[in-house]
Amino acid sequence: MKRFFTLYKIEQKLFFRSPDVFVFNLCMPVVTLLLIGFIAGNKTATGSDITFIQSAFASLTAVGICCSAFMSIPIVMVDYRDKKILKHLYCSPASPASLLAADTLCSGVMSAISAVIVAAAAIIVFGYRMDGNPVAFAGAWLLTLISMFSIGLLAAALCRTTKSLNVATSILYFPMLFFSGATIPYELFPEGLKAVADIMPLGIGIDLMKAASIGTDISGSLVNIIALAVISAVCSTAAVKTFKWE
């Protein structure tokens, strides 16, 4: 356990020093929240019962998850595999599995920090107060994180080179970021784009978090919970079966 935490500390320091993590994971969500809040704030979107700040709070807490799942975990793993670092770890006390667990934990910590920053900005700047159950929201956020991370791990397992991974993560990351309602408010989407967002894994998670944050009856979100649980189980199982250390 001591070796694992030593490895985790090293990897976490590397995460904090990464400019990509700082810009996309920590800065972009809160800047987007401020823009939406100052432009629309407490206005209610057409055809919706929630304000733009309520929508932005729930969706932007998922941006850190999206960045970590598709820009952190798989890129680090494939880069280490490509440079034969994972192979060399077989001869050290720190196993490749420990490194994978440490990097996954690092990504989870960065996602949590991103969500806390967004929440602090919403509360301090715009006086946001959650109408729903904070515990239910935290559960929805965690389920979304697990499902997104499982997809990221599957990408890391299937892609053997950094070049192929860059293509795969771009295909996953940018549509998830812009077309799931994570950065652009879902309420502004036309009906066709809403249908796309409704079937995206991140869009399903955001919808679940919105329901928890505004206090919607959880029975109405049961389909979303099952969908995320199935995604998590299928992708994580496939990642374990196909992952190669070399």
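Guide: The part to begin with is a helix pair, in which Leu 143, Thr 144, Ile 146, Ser 147, Ser 150, Ile 151, Leu 153, Leu 154, Ala 157 and Leu 158 of H7 meet Ile 225, Leu 228, Ala 229, Ile 231, Ser 232, Cys 235, Ser 236, Ala 238, Ala 239 and Thr 242 of H11. Sorted by class, this contact between H7 and H11 holds 14 nonpolar and six polar residues, and no charged ones. The model is a predicted one. In general, a packed pair of helices is described by the angle between the two axes and by the distance between them. Here helix H7 covers residues 134–158 and helix H11 covers residues 222–242, and they pack at about 25° with their axes 8 Å apart. An angle under 35 degrees counts as roughly parallel, and H7 and H11 are therefore roughly parallel to each other. Their crossing is left-handed.

Thr 104 sits in helix H6, which spans residues 96–126. The C-alpha atoms of Thr 104 and Phe 149 are 8.0 Å apart, while the two residues are separated by 45 residues along the chain. Thr 104 has a relative accessible area of 22%. Because buried requires a value under 20% and exposed a value over 50%, Thr 104 is classed as partly exposed.

H9 and helix H10, the latter made of residues 201–214, pack at an angle of about 90° with their axes 5 Å apart. H9 and H10 are therefore roughly perpendicular to each other. On the H9 side the contact involves Ala 197, Asp 198 and Ile 199, and on the H10 side Pro 201, Gly 203 and Ile 204. By class, the contact of H9 with H10 has four nonpolar residues, one polar and one charged.

Setting aside neighbours within four places in sequence, Ser 180 is in contact with Pro 175, Phe 189, Ala 197, Met 200, Leu 202, Gly 203 and Ile 206. Ser 180 lies in the loop that joins helix H8 (162–179) to helix H9 (191–199). Its relative accessibility is 2%, so Ser 180 counts as buried. A polar atom of the Ser 180 side chain lies 2.3 Å from the backbone oxygen of Met 176.

Phe 189, one of the contacts of Ser 180, is also touched by Lys 194, along with Tyr 186 and Glu 187, when residues up to four places away in sequence are not counted. Lys 194 belongs to helix H9. With a relative accessibility of 16%, Lys 194 counts as buried.

Helix H2 (residues 19–39) packs with helix H3 (residues 52–60) at about 170°, with the axes 10 Å apart. That angle makes H2 roughly antiparallel to H3. Pro 29, Thr 32, Leu 33, Ile 36 and Gly 37 of H2 make the contact with Phe 52, Ile 53, Ala 56, Phe 57 and Leu 60 of H3. By class, the contact of H2 with H3 contains eight nonpolar and two polar residues, with no charged residues.

Key. Residues are numbered from 1 along each chain as its sequence is written. This is a predicted model: local features need pLDDT of at least 70, side-chain atom pairs count only at pLDDT 80 or more; totals for chains, interfaces and linings use all residues. Side-chain values use heavy atoms; hydrogens and water are left out. Helices (H or I, at least four residues) and strands (E, at least two) are DSSP runs, numbered from the N terminus. Buried means under 20% relative accessible area, exposed over 50%, partly exposed in between (1.4 Å probe, protein chains only). A polar contact is a pair of N or O atoms within 3.5 Å; within protein, one must be able to donate a hydrogen and the other to accept it, and residues adjacent in sequence count only if both atoms are side-chain atoms. Contact means heavy atoms within 4.5 Å. Axes are lines fitted to C-alpha atoms, for helices over the stretch in contact, and angles run from 0 to 180 degrees between N-to-C directions. Angles under 35 degrees count as roughly parallel, over 145 as roughly antiparallel, 65 to 115 as roughly perpendicular and the rest as oblique. A crossing is left-handed if the near helix is turned anticlockwise from the far one by less than a right angle, and right-handed if clockwise. Ala, Val, Leu, Ile, Met, Phe, Trp, Tyr, Cys and Pro count as nonpolar, Asp, Glu, Lys and Arg as charged, and the others, Gly among them, as polar.
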